Amino acid sequence: MSSDLKHTRNIGIMAHIDAGKTTTSERILYYTGRVHRIGEVDDGNATMDWMVQEQERGITITSAATTTFWKYRDQLYKINLIDTPGHVDFTVEVERALRVLDGAVAVFCAVGGVEPQSETVWRQANKYNVPRIAFVNKMDRAGADFHGVVQQMIDKLGAHPVPVQIPIGAEENFEGLIDLIEMKAIIFEDGADPLTNFTVQPIPEEMAEEAEEWRMKLVEACAEMDDSILERYLEDHHSITSEELMTVLRRETVEGVIVPVFCGAAFKNKGVQRLLNGVVAYLPSPTDVGAVKGKDPRDDREIILEPRADEPFSALAFKIATDPYVGRLVFMRVYSGTINAGDTVLNVRTGKRERINRLFQMHANKQNPVPSVSAGDICAGVGFKDLQTGDTLCAVHKPVLLESMEFPEPVIWIAVEPKTQADMDRLGQALGKLAEEDPTFKVKTDPDSGQTIISGMGELHLEILIDRLKREFKVECNQGRPQVAYKEAITKSYTHRELFRKQTGGRGKFADITVELMPAEDSVPGLTFVNEIRGGNVPKEFIPSVEKGFREAMLNGPMAGFPLDSLKVILKDGSYHPVDSDSLSFEIAARQAFRHAAPKCSPVLLEPVMNAEVVTPEEFVGDVIGDFNKRRSKVEGMESKAGSRVIKAKVPLAENFGYVTVLRTLTSGRATSTMEFSHFEEVPAELAKKIIEVTTGKSFK
């Protein structure tokens with residue numbers, strides 16, 4: 001087996017829910033010899049959907065990783081594969097997988113086309129510049145339309161798709177595909193052994209013209225991007241060889257300019273072997289992606305790390321999982337260097353050294369121990385004491401900080417309480433482990449009621465987490481009703497002087513500050529703190545305490561105790577006492593200043609607003625829109641798609657609990673809906689009063 005990095009591919013499978021990601025992953029595992037029996041999502045025995053909850057619901061919840069091998073043109077290639085979820089509540093799993101992958105396979109349903117979550121994952125892949133190839137799946141389903149999906153990729157995703165195959169027939173007549181590079185037909189045989197269920201034949205006469213037309217489009221696409229092919233195209237396009245086309249296609253795919261498009265029906269074992277050839281032929285190896293940039297944490301100098309085994313070690317921890325047998329598993333992408341089991345590495349965030357006891361190559365939830373891993377590998381390690389998702393691990397003597405990941409804020413919360421005293425002790429530990437695994441899941445204790453509050457990305461997200469508490473951690477919980485995670489913001493500026501003085505006999509406390517509170521420019525998240533004190537009215541060592549006081553005060557807004565997302569504070573003036581002043585005095589003064597000044601800055605309440613998309617038969621359009629209007633929604637558009645109507649709207653999350661049930665009733669179960677977080681928006685004043693009264697228990701003045 002070649003250890004050459006050129007023959008490694010780190011890829012992920014991404015798509016909208018139900019486009020067939022896991023089915024495609026299962027076929028890849030089967031064809032590469034990783035499993036000897038094909039698992040099915042519908043039967044609940046898919047290898048990559050190993051969690052009980054995934055098998056019961058037929059959805060992917062956690063991204064599963066595996067390593068497999070594929071032979072292409074007499075060369076064995078190593079493929080590290082990550083199967084990601086499609087459901088919007090688990091979007092963080094896609095985000096962190098794309099952060100560490102070199103390439104991705106975007107799966108589209110030939111009937112559904114480009115669906116809302118396809119657009120979300122496409123945007124995420126754009127964000128991390130991940131090269132893609134596309135697979136139009138389910139070509140055997142009624143309503144399959146390959147060319148329609150390719151057009152939607154242009155219209156909805158702004159992509160540049162280049163079909164390298166076209167289907168022969170569609171729906172129940174889907175027989176095979178035409179390879180536009182080799183100009184050969186691949187005909188599939190139903191019911192035959194999946195490994196040998198196809199024959200390569202000349203292109204059928206009735207499709208010769210269509211094949212020639214699409215081949216010309218492929219050549220034209222390559223000619224646009226390569227001058228030497230353009231010259232030959234103008235002279236005699238028949239002289240352009242398939243090797244030349246593939247060289248241009250590979251180069252432009254790695255650059256992220258084009259997306260080669262494949263087609264098939266994974267469930268019927270059609271087209272997956274050709275897709276695997278495409279993964280190897282067009283998607284980049286770690287060497288194609290090239291050097292990774294990092295910063296020296298000591299002086300912010302840029303460091304370039306080449307993907308070579310002899311470079312200093314660097315890796316990014318992109319996922320943490322709790323395994324009942326080996327404990328805390330940390331998934332890592334190694335960018336440079338080599339690490340052996342038992343080595344010590346530096347965690348740049350904490351500045352502490354961590355020892356990696358054991359290293360594993362993953363196959364879904366099974367671990368295969370390996371002695372060492374090198375640049376370009378994806379693996380899991382055990383033995384870390386203090387590690388979070390997004391941490392950089394590096395050689396102790398060559399510190400480097402890699403770009404981390406940003407995670408969305410939770411939009412929904414519920415209160416949970418343990419049923420028995422025994423559950424109480426286990427609950428804290430279990431929630432801690434789940435929060436470690438999932439950066440979009442937050443746990444806190446309500447200071448007033450003492451209740452444990454858990455928050456996440458949606459109802460399904462929290463439902464799964466509570467189910468995991470019960471099954472994996474054996475903790476029984478009572479839970480409250482889901483609540484919206486509101487936020488607060490200020491809309492005006494206000495200048496305030498805060499004098500904090502306390503005399504208790506002996507040494508007292510003293511701090512005096514004048515501050516201006518205002519909304520941050522462009523709503524920059526977090527606290528923007530500006531120190532305008534000159535001449536030592538307040539000693540330098542006390543300034544960070546003022547900033548800390550405001551940062552902590554932002555967690556409890558002036559209206560109903562909801563957090564503020566952004567705030568700007570200018571420290572204008574102040575004074576101190578040579579004996580009584582200390583850091584704590586200035587921190588307390590800052591908190592009190594916030595408490596007194598924030599209510600005078602015209603605070604407002606913000607609520608999460610969701611992007612909703614409903615696909616409904618024509619006859620229910622009026623009912624669906626009528627229902628949206630009752631929910632303070634803004635209907636933004638409507639389009640026709642395959643005999644149905646697609647309605648797009650912005651809906652406040654507060655109005656949307658239990659929406660799926662209502663929609664089923666309205667449309668006799670024939671409509672489907674998807675929803676994802678869009679932005680925070682100001683709550684109308686009358687409604688804000690009611691929310692504050694309910695939250696605080698005080699009547700609103």
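Q: By class, how many nonpolar, polar and charged residues does the lining of the largest cavity have?

A: A lining can be read by sorting its residues into classes, with Gly placed among the polar ones. In this predicted model, the lining of the largest cavity has six nonpolar and three polar residues, and no charged ones.

Q: Which residues line the largest cavity, and which elements give two or more residues to the lining?

A: A residue belongs to a lining when an atom of that residue lies within 4 Å of a cavity point. Here the lining includes Ala65, Thr66 and Thr67, then Asn80, Leu81 and Ile82, and also Met362, Ile378 and Cys379. Strand E2 (64–72), strand E3 (75–83) and strand E22 (378–382) are the elements that give two or more residues to this lining.

Q: How many cavities of 30 Å³ or more are there, and about how much space lies in the largest cavity?

A: A cavity is a space where a 1.4 Å probe fits but cannot get out. The count at 30 Å³ or more is two cavities, and the largest cavity holds about 50 Å³ of space.

Q: What lines the second largest cavity, and where does the largest share of its lining come from?

A: The second largest cavity, with about 40 Å³ of space, is lined by Ile186, Phe188, Phe198, Gly271, Val272, Gln273 and Arg274. Strand E9 (184–188) and helix H9 (272–282) each supply at least two of the lining residues, and the largest share, three residues, comes from H9. By class, this lining has four nonpolar, two polar and one charged residues.

Methods
Residues numbered from 1 in each chain as written. Predicted model: local features only at pLDDT ≥ 70, side-chain atom pairs only at ≥ 80, totals over all residues. Heavy atoms only, no water. 1 Å grid on protein atoms, 1.4 Å probe; cavity = no way out; pocket = protein on both sides within 12 Å on 5 of 7 lines; lining within 4 Å. Points joined across faces, edges and corners; volume = space filled by probe spheres on them. Helix = DSSP H or I, 4+ residues; strand = E, 2+ residues; numbered from the N terminus.
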